[in-house]
Amino acid sequence: MSRLKTSLFLRSATASLLTLSLLSACGGKERPQADIAASQVTTIGVNSYLWRASLDALSFMPLTQTDSNGGVILTDWYVNPQNPGERMKINVSILDQDLRADALRVAASRQVATNGTWVDAPVKAATTQKLEQIILTKARDLRRGAITN
């Protein structure tokens, strides 16, 4: 009986080792290390390409708060000189270390001047979507430039 148990144990152990070796071979090749490094942050808490692209896209607006570890950029009210009866405020949140579209959130507030006071007004969804597209395009360009250099 003891031999039977030993034989069954050895078969089971051999089968387990064979399964593990087959599974490790099925993992396929890992992504190139340069690709992973290029898409992830290295020195700040969020994706550095999204961070730099966001700052660049908002460079015309006065900034009230920037937190590279938390991935938050808040602007102050900006009045377009060509439309002085309207002002905008932008909040950008970078949510991840990877360069992905869902790692970026843009929120905007808009006010219009009515009888000398600023009154909240709706912001078109296309406005924030367009700003997100601009930031993502700039971030991808920065990444491409880093990979080719």
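Author: Seven of the ten residues in helix α3 (residues 48-57) are buried, so the rest of the structure largely encloses it. Buried means under 20% relative accessible area, exposed over 50%, partly exposed in between (1.4 Å probe, protein chains only). Helices (H or I, at least four residues) and strands (E, at least two) are DSSP runs, numbered from the N terminus. This is a predicted model: local features need pLDDT of at least 70, side-chain atom pairs count only at pLDDT 80 or more, and totals for chains, interfaces and linings use all residues. Residues are numbered from 1 along each chain as its sequence is written, and side-chain values use heavy atoms, with hydrogens and water left out.

Reader: Which residues of α3 are buried?

Author: S48, Y49, L50, W51, A53, S54 and A57.

Reader: New topic. How many aromatic pairs are there?

Author: One. Rings of Phe, Tyr and Trp (its six-membered ring) pair if their centres lie within 6.5 Å; planes under 30 degrees apart count as stacked, over 60 as edge-to-face and the rest as tilted. The ring centres of F60 and Y78 are 5.0 Å apart and the planes sit at 85 degrees, so this pair is edge-to-face.

Reader: Where in the chain are F60 and Y78?

Author: F60 is in the loop between α3 and β1 (63-67), and Y78 is in strand β3 (residues 78-79).

Reader: What is the relative accessible area of Y78?

Author: 23%, so Y78 is partly exposed.
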